[in-house]
Amino acid sequence: IHAEPSVVTPSVVSIDLQPGANGTVSFPSIVIEAEEHADVSVVVHLRSHDGSNALVIPQFSTVVGSGARVSLSLVQNLGYEARSIAYLRTEVGADARFLFGEIGLGGKLARLHLDVGLEGRGSSANVVGAYFGEQEQVLDYRYFIRHIGTNTRSDMFLKGAVEDDARSVFTGMIRIEESGQKTEAFQTNRNLILSDGASAQSVPNLEILANDVRCGHGSAVGPLDEDQRYYLMSRGLDRVAADRLQVIGFFEDVLGRFPRQELDPALRTMVTDTYEGVTARGTA
């Protein structure tokens, strides 16, 4: 996908990625180039047929020219037997902006390695993510943002929930080079544990080599709030309805930050359906 200088794409570019038959390995590649002051929005749907145990290794490459804007949304809804190991590399030029959102619901193993380089002065990146693991899924996120230019800004915000025997892993790194003075960088990851067999690992990191920066990071892993449950039940809700409201509310702010707000209703439905499927099985 190539946007020439000052071109604003009139509509969203939608890409549907589906791995091949059982036992196959595929290597799809998507390259997005936005030249100076261009504006392009892309939505990628990664899905598979039920029962497919294919392995897909997507490669994404994004170049955001000076003053340009690229919005990329990835909706990962593979079948539970499929596996995905994805890599996304982005270079962001001066006064340019990169917006990225990912929702991860499927895959026996789903790994996403994100590498963002804020190279130009005044460049910025907003990264959001929502994930929900069930059964024996492993959802693995490895997010790296490198601040190279001056006056750069990044905001990384992910929320996830796991139940059954699912596992989630978040490893985030914000590295600020010596040249990255006057950087602002923030990193947040929060997780809900909905069953005894589920687990979540959250490791946010900062590596700061400059001396004029403003940074923050944090993570949280825990069950549903007992006090909130008690409060909701005191207002007439049963336990199932109270927990459902907590889970929906937990994802509310992160879904509202996705680059393409027209995806919001569909993403909310996907998360809600996943949780309701869990409660219907009686495992959460």
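## A buried serine between two strands

Ser 123 is found in the loop between S11 and strand S12 (124-133), where strands (E, at least two residues) and helices (H or I, at least four) are DSSP runs numbered from the N terminus. At 0% relative accessibility, Ser 123 counts as buried, a word used for residues under 20% relative accessible area, with exposed meaning over 50% and partly exposed in between (1.4 Å probe, protein chains only). A polar atom of the Ser 123 side chain lies 2.8 Å from the backbone oxygen of Gly 120. Leaving aside residues up to four places away in sequence, Ser 123 touches Val 92, Gly 93, Asp 95, Ala 96, Leu 118, Asn 151, Thr 152 and Arg 153, a contact being heavy atoms within 4.5 Å.

## Basis of the model

This is a predicted model, in which local features need pLDDT of at least 70 and side-chain atom pairs count only at pLDDT 80 or more, while totals for chains, interfaces and linings use all residues. Residues are numbered from 1 along each chain as its sequence is written, and side-chain values use heavy atoms, with hydrogens and water left out.

## Overall form

The secondary structure of the protein comes to 3 helices and 18 strands, and the C-alpha trace spans about 55 × 45 × 30 Å along its principal axes. The radius of gyration is 19 Å, which agrees with the value near 19 Å that a compact globule of 284 residues would have; the radius is taken over C-alpha atoms, and the globule rule is 2.2 Å times the number of residues to the power 0.38.

Of the 284 residues, 50% count as buried. Among contacts with a separation of 6 or more, 85% are accounted for by residues 24 or more positions apart.

## Nonpolar cores

The largest nonpolar core has 45 residues, of which Val 44, Phe 98, Phe 100 and Tyr 143 touch the most other members; such a core is a set of buried Ala, Val, Leu, Ile, Met, Phe, Trp, Tyr and Cys residues joined through side-chain atoms within 4.5 Å. Strand S11 (residues 109-118) supplies the largest share of this core, 5 residues. Apart from it lies another core, of 23 residues, among them Ile 103, Ala 130, Phe 132 and Val 278.

Not counting residues up to four places away in sequence, the contacts of Phe 100 include Leu 72, Leu 74, Leu 88, Leu 112, Leu 114 and Tyr 143, as well as Asn 126 and Pro 259.

## Helix H2

Helix H2 (residues 239-255) has 17 residues and reaches 24 Å from its first C-alpha to its last, close to the 24 Å expected at 1.5 Å a residue, the expected span being 1.5 Å times one less than the number of residues. Its N-terminal end is capped by Asp 238, a side-chain oxygen of which lies 3.3 Å from the backbone nitrogen of Val 240. The buried residues of H2 are Ala 242, Asp 243, Gln 246, Val 247, Phe 250, Phe 251, Val 254 and Leu 255.

## Loops with positive phi

Most residues other than glycine have a negative phi. Gln 135, in the loop between S12 and strand S13 (138-147), has a positive phi near 50° and is partly exposed, with a relative accessible area of 35%. Lys 182, in the loop between strand S15 (167-176) and strand S16 (183-193), has a positive phi near 60° and is partly exposed, with a relative accessible area of 48%.

Terms used: Polar contact = N/O pair within 3.5 Å; in protein donor to acceptor, adjacent residues only side chain to side chain.
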